[in-house]
Amino acid sequence: MDFFSRGYKGLLGEKGQPQSVEDTVAKLVDRASNSTLLEDRRAAILGLKGLSREYRQEVGEKGIGALLHILNEDKADIDTTKPILEILNILCTPDREDSATDVAIKFTDEIVQNSSNINLFLDILQEYDFYVRFHDVQLLSTLLAIKPDNVQGCVLTAPMGISRLMDLLGDRREIIRNEGLLLLISLTENNADIQKIVAFENAFEKLLEIITEEDGLNGGIIVQDCLHLILNLLRYNVSNQNFFRETSCIQKIPPLLSFSAEYQHHGFELEFLTQDWHEQKIANTIVLLELIKILVVPNNMNTVTNQNVMIQCGVLKTVIEISLSSNAPSVVKSHSLYALADLIRGNQNGQEYLAKTVVPVSHPLQSSENNAKPSPFNQISIPPRPAIMSLIVVAVGAEHLENYSTRAAATYAFESYTFNNINAQLVLASTLIPPPDDNPNSEIVIAKPQSAGSLLLSALLEWEDSEADPYVVWFASVIFSHILMNNERSKEYARGIFFGNGDDNEEENLSLLHSIAGNLMLATRQNAERQNADVRVLIGYLCILCIWLWDSPISVREFLSESGHLQMLITSITQSSGVDARVQGLCAFLLGICYEFNHNIDPQITRSTLQQILLNRIGYDQFVNRITRLRESPHFKHASQYLQVVPEEVAKGLPELYFDYVFVEFFKKNYETIQRSIRDPNAKSFSGFKGSDYQGDNDSVITSYKDVIHTQEKEISQLKESIKQLEQQLESQKLSAENQLSSLNNEIDTLKKTIETKTADNVKLEKEREDLYDCIADQEASVKKYRERLIALNQEVSDIEEEDDEGEGDDDDEE
């Protein structure tokens, strides 16, 4: 009691008057920094904690430096560390008020500008106390949310920083583990270096263990967080993707989906068809499917390897089951179909696996007896059907069960199945059989024994109800286009399909090509008269005809054999109002294709006739303007690459899908060729034709091409010979230069040795000369010394000396 009394009196001013907030904070900071008793320091810190929520700016400005210093000195004391971490967290947490947010950013900057502070917080993580760890992790999360780059850099340079963060995943206290998981999710955003280190800290194994402990996809939000962290580690990080595959983590995906168990068949009742899809399970499954898609992103260097592993370990099987045979919600089926598409795109093994797969079929029949509540799935006896057939059923809405997003995903999956798969195109083209008029086997549409091709033709040609659902025709058009694209044999199969019974004279046999063109004419007429034919139907038919007629002169000849088709195109192009600009652009492109590939001489409408129509009746400028308006159309420019339909579009009604991305790329690649060919009457036609497409007198064409090839071969031969001669000349010059260089190097070495020898001799002679000079000087000094001694002793100098003196005198005279 005396302690609290002393503390209260210490906060009073003169004569017991309360102090201002600034003075109180200053006194508390001083006491926390300088008090000798531990209890006094703790009391001051608790006082600052009480003031920090209401007076954040005052406490932060006066106390943040002191608090960091105390924390560094007394980090081993739990009772001191815990309130300081709470204070720092309060100071740095933004509020909704702008001023408070500015204060939080200011204090965060002050903390993170010194990397030693982040290292201090990471060191404190070693403390096992619940509240210390909890507040420390929250503080790091707060700092990371405001200054991610600074905190990521500090964590990356800290010696054991990431290891201590990874230890949080092993904490048995769920709150600490979950907070650490959220911190790691934020930390690994857009930082490849941290992603690599976290991955090599066995993050994948730890996270998958947590997911298993949490009951897999049936678990709570912690499962979603774990999958989200795995996504962060794998996205745009090739090394982590390799590590994920090499550590056999891909093999752990099928059990998580729990769809590939050996289920029991009881009248086609499958256990996985009656699963309970609660909201969290839906979210968990979607994230896991996103993870699969990240590993098989198209055009990635490791995609093929990952695809093969997923095919072998059963991932593809589970994805097929969940997308085509489960009672999963539409949003899950959409994501699973996109994952299925990426799993098989460009992979022959995956495409063959899908082609061989037969999936069970279940159709919900709601019980109407006594208004009883229907069971989740009342099964009816429907034979299993091929997975490809199920894709088409979903895409064209034959069962009326799926929404537009799922149907678009099924169409994209079909596109991936035919991508670079000529055999699949031919197999599907061979099933293009006119649908039966009646079927006594069943009144249920999906139970009728139909082929994939007959179902597709039914959806494609029965367009009268398109006002209610124009995407029946549109999705069927996209699918049919991918069967024909760049495959003349598929086009040949399609040209062999006829409707009607000419033998009974009921009506003339009508080919499939003329049927599609006739439907286009009827839809165009209705659109002009009553505006009840959706423009998507017209676009779908026109896109089919553009793909079909491209690089197929026989198909062009068949199309032009009916004069009404050409007249319909000309009318649509030249009409100034009442026709959609996108339709006019496609009509112009289709007419240009007819001109480009009309290589036949005999037909009534020749290439020159088409050119006159284009230049005179339509006009080149108007022709180009129609195509330009199509290119600049927002729906054309922003065509979805993966045929995606966002939920907002589904909620509004019909989605904004008008063009298939593959067709858009096809158009962009080839429209300039069409325009250039029409502009220049002497321009050669497209050279990518197939020789079998031509009939009639083509000898001159073939001969001219042979002459061109022969001339080019001669030029190539001459160039090769010139290159060979130049290479020989270059080799000779190179050899001569090398010999000359070697000779010069030898001469230089010899001269260097001679100079070194002469230099050594000169040094030796110089030394000898200096030695002689020294000897002479010593002798002269000795002679002089002895003469002086003789003179001093009054001795006579020897004759030799005198003679020497006389000789010197004579020399002086002579001089």
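Predicted model: local features only at pLDDT ≥ 70, side-chain atom pairs only at ≥ 80, totals over all residues.
Reader: Which hand does the crossing of helix 13 and helix 14 have, left or right?

Author: Helix 13 and helix 14 pack with their axes 9 Å apart, at an angle of about 160 degrees. An angle over 145 degrees counts as roughly antiparallel, and therefore helix 13 and helix 14 are roughly antiparallel to each other. Their crossing is left-handed.

Reader: How many nonpolar, polar and charged residues are in the contact of helix 13 with helix 14?

Author: On the side of helix 13, the residues are A203, F204, L207, L208, I210 and I211. They meet I222, V223, C226, L227, L229, I230, L233 and L234 of helix 14. By class, the contact of helix 13 with helix 14 has no charged and no polar residues, and its nonpolar residues number 14.

Reader: Where does D215 lie?

Author: D215 is not a glycine, yet its phi is positive, at about 75 degrees. The place of D215 is the loop between helix 13 (203-213) and helix 14 (221-234).

Reader: Is helix 3 roughly parallel or antiparallel to helix 5?

Author: Helix 3 (residues 38-52) packs with helix 5 (residues 78-92) at an angle of about 20 degrees, and their axes are 9 Å apart. Because angles under 35 degrees fall in that class, helix 3 is to helix 5 roughly parallel.

Reader: How many charged residues does the contact of helix 3 with helix 5 have?

Author: The crossing of helix 3 and helix 5 is left-handed. Helix 3 contributes L38, R42, I45, L46, L48, K49 and S52, while helix 5 contributes D79, T80, P83, I84, E86, I87 and I90. By class, eight residues of this contact are nonpolar and two are polar, and the charged ones number four.

Reader: What is the arrangement of helix 25 relative to helix 26?

Author: Helix 25 (residues 452-461) and helix 26 (residues 471-484) have axes 8 Å apart and pack at an angle of about 130 degrees. That angle makes helix 25, relative to helix 26, oblique.

Reader: How many nonpolar residues does the contact of helix 25 with helix 26 have?

Author: The crossing of helix 25 and helix 26 is left-handed. L456, A459 and L460 of helix 25 meet V472, V473, A476, S477, I479, F480 and I483 of helix 26. The contact of helix 25 with helix 26 has no charged residues and one polar residue, and its nonpolar residues number nine.

Reader: Which residues touch the most other members of the largest nonpolar core?

Author: In soluble globular proteins, nonpolar side chains tend to be buried together. F480 touches L432, L456, L460, A494, L512, I516, I544 and W548, leaving aside residues up to four places away in sequence. The largest nonpolar core has 219 residues, and those touching the most other members are F121 and F480.

Reader: Is L538 buried or exposed?

Author: L538 sits in helix 29. It touches L520, A523, T524, N527 and V583, not counting residues up to four places away in sequence. L538 and N519 are 19 residues apart in sequence, and their C-alpha atoms are 8.9 Å apart. The relative accessibility of L538 is 3%, under the limit of 20%, so L538 counts as buried.

Reader: What relative accessibility does D551 have?

Author: D551 is in the loop between helix 29 and helix 30. Its phi is near 55 degrees, a positive value in a residue other than glycine. D551 counts as buried because its relative accessibility is 8%.

Reader: How many residues of helix 30 are buried?

Author: The buried residues of helix 30 (residues 553-560) are P553, I554, S555, V556, E558, F559 and L560. Helix 30 is mostly covered, and of its eight residues the number buried is seven.

Reader: How is R525 classed by its accessibility?

Author: R525 belongs to helix 28 (residues 512-529). Its C-alpha atom is 9.4 Å from that of M568, 43 residues apart along the chain. The relative accessibility of R525 is 43%, between the limits of 20% and 50%, so R525 counts as partly exposed.

Reader: What share of the residues of the protein count as buried?

Author: The protein has 39 helices and four strands. Among its contacts between residues at least 6 apart in sequence, 72% join residues at least 24 apart. Of the 815 residues of the protein, the share that count as buried is 46%.

Definitions and conventions
Residues numbered from 1 in each chain as written. Heavy atoms only, no water. Axes fitted to C-alpha atoms, helices over the stretch in contact; angles between N-to-C directions. Helix = DSSP H or I, 4+ residues; strand = E, 2+ residues; numbered from the N terminus. Parallel < 35°, antiparallel > 145°, perpendicular 65-115°, else oblique. Left-handed = near helix turned anticlockwise from the far one by under 90°. Contact = heavy atoms within 4.5 Å. Nonpolar A, V, L, I, M, F, W, Y, C, P; charged D, E, K, R; others polar. Core = buried A, V, L, I, M, F, W, Y, C linked by side-chain atoms within 4.5 Å. Buried < 20%, exposed > 50% of the residue type's maximum accessible area, 1.4 Å probe, protein only.
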